[in-house]
Number of protein chains: 4
Amino acid sequence: MLIEKTVLNDERNVTLTAYLQPVKGEFYYIEKRPGILIIPGGGYETCSEREAEPAAFAFLQSGFQAFVLRYSVGKDAEWPNPLNDYEQAMCLIRQKAEEWHVYPDKIAVAGFSAGGHLAASAAVLAENRPNAAVLGYAVLTEESAHEWLDSAPGLIDKVHSGMCPCFLFSARTDSIVPVRNTIRFTEALEKNGVMFESHIYSYGPHGFSTGTSSVLDPDAAICPRARRWVYDCADWLKEVLGDYTQTGMSAPLYGTSVNGDSEAYLSVNCTVGCLMKNPEAGIVLRRLSDDMKDLLSESCREQLAGRRDLNSVTLRVKLSDMLGFEGIPCDKTARYDRELRSIRNCSYSG
Amino acid sequence: MLIEKTVLNDERNVTLTAYLQPVKGEFYYIEKRPGILIIPGGGYETCSEREAEPAAFAFLQSGFQAFVLRYSVGKDAEWPNPLNDYEQAMCLIRQKAEEWHVYPDKIAVAGFSAGGHLAASAAVLAENRPNAAVLGYAVLTEESAHEWLDSAPGLIDKVHSGMCPCFLFSARTDSIVPVRNTIRFTEALEKNGVMFESHIYSYGPHGFSTGTSSVLDPDAAICPRARRWVYDCADWLKEVLGDYTQTGMSAPLYGTSVNGDSEAYLSVNCTVGCLMKNPEAGIVLRRLSDDMKDLLSESCREQLAGRRDLNSVTLRVKLSDMLGFEGIPCDKTARYDRELRSIRNCSYSG
Amino acid sequence: MLIEKTVLNDERNVTLTAYLQPVKGEFYYIEKRPGILIIPGGGYETCSEREAEPAAFAFLQSGFQAFVLRYSVGKDAEWPNPLNDYEQAMCLIRQKAEEWHVYPDKIAVAGFSAGGHLAASAAVLAENRPNAAVLGYAVLTEESAHEWLDSAPGLIDKVHSGMCPCFLFSARTDSIVPVRNTIRFTEALEKNGVMFESHIYSYGPHGFSTGTSSVLDPDAAICPRARRWVYDCADWLKEVLGDYTQTGMSAPLYGTSVNGDSEAYLSVNCTVGCLMKNPEAGIVLRRLSDDMKDLLSESCREQLAGRRDLNSVTLRVKLSDMLGFEGIPCDKTARYDRELRSIRNCSYSG
Amino acid sequence: MLIEKTVLNDERNVTLTAYLQPVKGEFYYIEKRPGILIIPGGGYETCSEREAEPAAFAFLQSGFQAFVLRYSVGKDAEWPNPLNDYEQAMCLIRQKAEEWHVYPDKIAVAGFSAGGHLAASAAVLAENRPNAAVLGYAVLTEESAHEWLDSAPGLIDKVHSGMCPCFLFSARTDSIVPVRNTIRFTEALEKNGVMFESHIYSYGPHGFSTGTSSVLDPDAAICPRARRWVYDCADWLKEVLGDYTQTGMSAPLYGTSVNGDSEAYLSVNCTVGCLMKNPEAGIVLRRLSDDMKDLLSESCREQLAGRRDLNSVTLRVKLSDMLGFEGIPCDKTARYDRELRSIRNCSYSG
C-alpha cells in the first residue's frame, strides 16, 4: 500500500490522503478498485482522527482504494469552503483514476457528524457527485447545521430524485446530533424515490465511528449492534457499486431510484398513481384493463382503472401480483411498456 | 411445551394460541418468562400463517412465552373490532400470568403489515398496553391504513411520550406498504422522545416475515441483512424487558423515554432547551453557572446561560461534557438535580 | 403446528415427540420439509429438557419438522437399548414421511453430550442412517463413553467413508466431556474422507445447548461466539440437505465425501496418492503426463509421475492447478476420467 | 498511520513492514497498542501479497499495530533461515516497543499456509515467543512440512504446555494443505492443556486469506461462514491479550493453560486424574473426602476417592458440581488449595 498525501489548499490546510492498494500481479483479476472518500467529523471545528484512518481500514479490507479528506475547519470553515474542498478532492481522484487504479464511476463518500453534512452536501449539491453516500450520525437539517456552522445549508429540502443511493446510521440516544437529522433525510429520500438503507440503533454516544474499542471511549454505553454498520455498509456498497468478478466488476444490483416516476418518459416501472395522473397513460391503462378481461377478475380490473388502489405500486408489480402464479403474459407487459415509454412524464423535473 | 388455543370470539373467529414453555425444574432459575404476542398480517382480509408460528419460533428460542392472535378480518374487520380482539387477548394473558408463567409487565407485541397496524394501535391507543412493540413493514399512516381498511385509524399523530419502546423494520423496495409508514412513525417517536430502534433494509419484498427460505417466496430478491432483524430484535427485547439472571430478570437497560422532558417534574435528565423554557429552572441554571465559575470556561458558562446552544442535550450530559476528564463533582450534579425535581414541568401533558 | 407424542417403549419410557409444521396452503411451494431428530444429553442418566425443545425451536424456525427422542436412561440405558430406541424412532419417521410431510432422505440427527454419543452411533453404526449428524460437545471416545455408560461403545474407530456429513461443536474448557472427543472424531472423519464442519470455541461450560440466556446458567462464562453454532448449523444443513426453492428442494451443495478415494472405481476425483498406489492407474498417469508434454513444465510432469508430490490433492485439482489460467483442456480431463473409472479401486472397502 | 519498512536481511531479501497507528491525542486513553505480526504464505517459494496487507487491515481496524514479515523464500528458505527471520523481527518489535507504541507482551503472530508453519514454529520453538498465534490453513505436520520444504520441521510433537494460546482455522476441502494439519495440532494442544479456538469450515479453497472478494478468486466456491474468522479472531485476541479501557488494557480473560496440571506445584486447578497420580495428593484427597462426609453423598465421596471417575475434571469444578446449589464452603476449597500448593507436581516438565 502506498500512502500519498496531496495538499489541496495550503492556506486553509486542506489535504487529501490516498491509501492505494496494488492491482494486477497476485490480484490478477483486479485492474481497478472502487474508491471511498472518508470525511471525518468534528463540528466544522476540527477533523477527528477517530473517524479518519479507522474508517479507512474497514473499506481497505473490503478491497477499496481509500481517501481521507481533511477540509477547511475553524476560521476557514465559512461555507462553501468545505464543499469546494470536497469538489477539489473528488475532481482530483477522478483525474488520477488511471494512476490510482480506481473506477471513476464507483467512488463513494462516507462522512461522519459534520463530515456527514459535507458528504450529504456532496450527494445533493456538488458538481462532482459521488456514486454512493454513507452518512454516519450526520448533521442534515438546517436547524442542526446552523448549530455548528451558521453558513452551512440545511440539506433536507435539497434532496432530489437524481442523487446517488445513501446508507445512513445513527444512535437513538445521540445527544449531540439528534436522530431527527437521519429520519428527516430518509423521509426526503423516500419522497424522491431515492434508494437507501438506514439503521438507527437503540443507544450509543455521538461519534462512535466504527464502534470498536480502540476508537470509542471504552466505557461508553453502546448497543452491540451499532458496530455492525461497518460490515453492513461494505456489503451494501457491493450491491450499489458492484463486486469483484473474474472479468471486472459485476453490475450494481439496483439503480439509484426505486421506481420510474422520476424518469423523463413513463414506463411499467412507474407507480399506478403516477400513471393515473397522466391522461394519455390513463387511456393506455384502460385499454390494458380491457385487453386482460379474460385474465383478470372484476376487482382487479377496477384497481387498474384506478378506483380504490395501492397507488404506490408499480404497474409491473401490480400486473405480476394480479396474474400471480397463472403466469404473466410477458409479451403484453413488454408491449404496454413500449407504449408508455412514448409518453412524456409530466412530473419529470430533470 | 404446551400449545393452548382459546377462542376469544366465536362469531368473528378470533383465537389466541399460547405456546407455553416450562419453568422451574431444569430451568431452576426461571420462575416466569417474558411474553410476546404475535399479530400476523394479511391486509385485514386474512391472518397470514407465514407470520404466525414462524415468528413465534424465533422468540420461543429466545426464552419467551409466545402467543399468536388471530383477529377479526374480512367482513368482521370493521374497526375497532381488531383492537378489541387485541385488548381481550392481552387482558387474558395478564390474567393468566401466574398459570402461564409469564411476567405481566414484560409482554411485547410483534405485528407484521396490517398486523403491525394493530400492534402499533395497541402501543398508542389500547387500554391494555404492551411493554414493547415490534413493527414489521407495518401499516401506520392514515393513507396506508385506509387502503386496507376504511375504518382503520392512522397512527402517526397518536404517538405520545408515554408509550412503550418500539423496534421497526422494513424493506426500502416494499411495494405494498411504502417505507414512508415506518419513517413517519419513527419521526413521531423521535418528536415525543420515545425510545426505538429502526432498520430499513435496502431491498426486499413485502411480507418477508423472518426472512428464512421456508417463509419467503424462495426466488424473492431480498437483501441478506433483512433476515437479521429476528436476532437483533431478540437482543433489543432483552435490553428493553431485561434478561434472565440467577435471581429473576435483570433490570431493563433503559426506560421508554430518551430524556426527562416528558416527566411531570424537571431534572438534570431534561434537555437544556426544555429547562430554559421554564423561568424557575432558568434561575437554577444561572446559579449553577455561577457556582461552577472556577470549573468552567467562559464559553461553557455562556452555553449554560442558553446563548447559542445545543438545546437538545440533557443537562447531565452537558455537565459531563464540560467538566470532562477533570471529573464531574457528582455531589453538585445531585444537588441541582434535587432542586430541579421540585419544579413542575410546564410542558408535561401526562 | 401439531405436537404429536408417540410412546416407542412403554417399559423403558421411550417416546418420540414430533413438532409438525404445515405444508401447502400459504406455504404453497413446500410439499415436504427436511427433518431433524433431536437427542438430548444427560449422561445416560436422564434426558435434559434444556437440550430438547430449545434446540427444536431453532430448527423449526429454519423450516424443519423437528422430533425429540427421549431414550432409555438410568437402569434402562444398557447398550444397545438407546441405539435400538433411535432405530425405532428413525424408522417411524421414515414410515410416516408422507403423513408427517418430511423428506425421508433429508433427516438429520442432532445430539448433545451423551445424546451426541447416541447421534454419532446412529451415524456410524445404525441400520437406519441419518442423512447428516450434528454433534454438540459429544461423548465419542471409548474412554469418555465408558465413564458414562460401561456398555457404550467408543466410536472413533467405527467412523467409515460411507457415513453422513457431520457438524461438530464444543467448548475448549468443557470439564465434563473433554474436547478431545470432538478432535479425535474429526481426525477419524478426515482419515476417512467424510465431509464435516467443526467449531471448538475458546471457552464455555459443558451443556450450553443453544447458548441463549434461557437455557444456560445465566452466570456461566461462555465465549460469545459459542451461541452462533445454531445459525451456522442451520446454514450448513441447507448445504448438506438442500434448501427450499419454487420447485422442491435444491440439490445438496456437496456429497458426503471429500474425494473419490473411497468409491468402488477410480476417477479424476481420487487423490494422486490413491491413484499411484494402483499399478493400472499409474500407467494411465504416465500416459497423461506424456500426452500433456506441450502444456506442462518438466517439474509438473515429474509431479504427475509421483516424485515429490502433494499426494493428497485430487487429480482434477492438480490438473487445474498445473494448467492454470491457460485453460484446462476439459475434453482431456473427461477422457482420462473415463479411463480411470474403468479401474477398480483396490482400497475400496464398501 | 506511518508505514515503516526495515530491511532485516539484505541478501535474503527479508523485510519487516510496520503499520503504526497514533496513540494519545484524540486516542487519549491509548498509550500503547497490542501488535500483530502477519506472516504470509506461499509454500516457502514466495510471500503472498494476498495474505499480507489485506490481513493487516483487519487487525489495524481492531486497534492493533500491524507488522508484515517478508521472510526467506525460494533458494534462501533453508531452515532455520525463516525462523531466524522471525526471531529478528519479533526481537526488533519488542526493542522498539516504546517508539512504536506497542505492548511488548501483547504481540500475536498470524500466519497463513507456509506462513502458518512459520507462525507455529514461532509459538513452539522460538526464543522470542509470541503471546498468541493465529494459524490459517497452516502447514503443521512433518509430512506436509516436507512437501514444501525438506528442511522444515514437523511441529505436532513440539507442542508443549508452556506455549501461547492459538486460534486455528481452515477449510475442510483444502486440497493443498490437508485439514489434518489443523486437526493434529489441536490434538497436541489439547494433550498439553494449551488454550485454543478452532474453526474448520465445510468447504473452501486453500489460501482464502480474509475471504473477501478482493483477495479471493472471485469464482471460488467458499462457505460463507469462512470469512467470519477475521472478526472471530479479533474478538478472541481481546480475550487473550486484553481490551482497551479507560486505564490501559484490561486483563486477559484467561491464561494459556486449561488447568493446573502443567504447573510446578499442585492445586485445586489440577484435574483429579493428575492429583491421584501423586501419593501425597492422594492423602489430601482422602482427608478432604472424610472432611466433607456430611456434605457429600456416598457416591460423590467414592468419586473423590478416585473410583470410577471423570479424571479430566479439575478438583475445583468437581467440588462445585458435587456441592451444587447448596453452596460450596469456599474456605474449605481455599484450605485444600493451600495444602496442595505445597506438593511438587511430579509430572511437571518446565
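Select C:Arg33 and C:Phe27: the arginine lies over the face of the ring, 5.2 Å from the ring centre (a charge sits over a ring if NZ of Lys or CZ of Arg is within 6 Å of the ring centre and within 35 degrees of the ring normal). Then select D:Arg33, which lies over the face of D:Phe27, at 5.2 Å from the ring centre.

This is a predicted model, in which local features need pLDDT of at least 70 and side-chain atom pairs count only at pLDDT 80 or more, while totals for chains, interfaces and linings use all residues. Residues are numbered from 1 along each chain as its sequence is written, chains are lettered from A and ligands numbered from 1 in the order in which they are written, and side-chain values use heavy atoms, without hydrogens and water.

Next, show A:Phe67 and A:Trp100. They form a tilted aromatic pair, 5.5 Å centre to centre with 35 degrees between the planes (rings of Phe, Tyr and Trp, its six-membered ring, pair if their centres lie within 6.5 Å; planes under 30 degrees apart count as stacked, over 60 as edge-to-face and the rest as tilted). A:Phe67 is buried, at 0% relative accessible area, and A:Trp100 is buried at 2% (buried means under 20% relative accessible area, exposed over 50%, partly exposed in between, with a 1.4 Å probe and protein chains only).

Move to C:Phe112 and C:Phe169, an edge-to-face pair at 6.4 Å centre to centre and 70 degrees between the planes. C:Phe112 counts as buried at 1% relative accessibility, and C:Phe169 is buried at 0%.

Last, select A:Phe112, A:Tyr137, A:Phe169, A:Phe208 and A:Trp229, which form one aromatic cluster.
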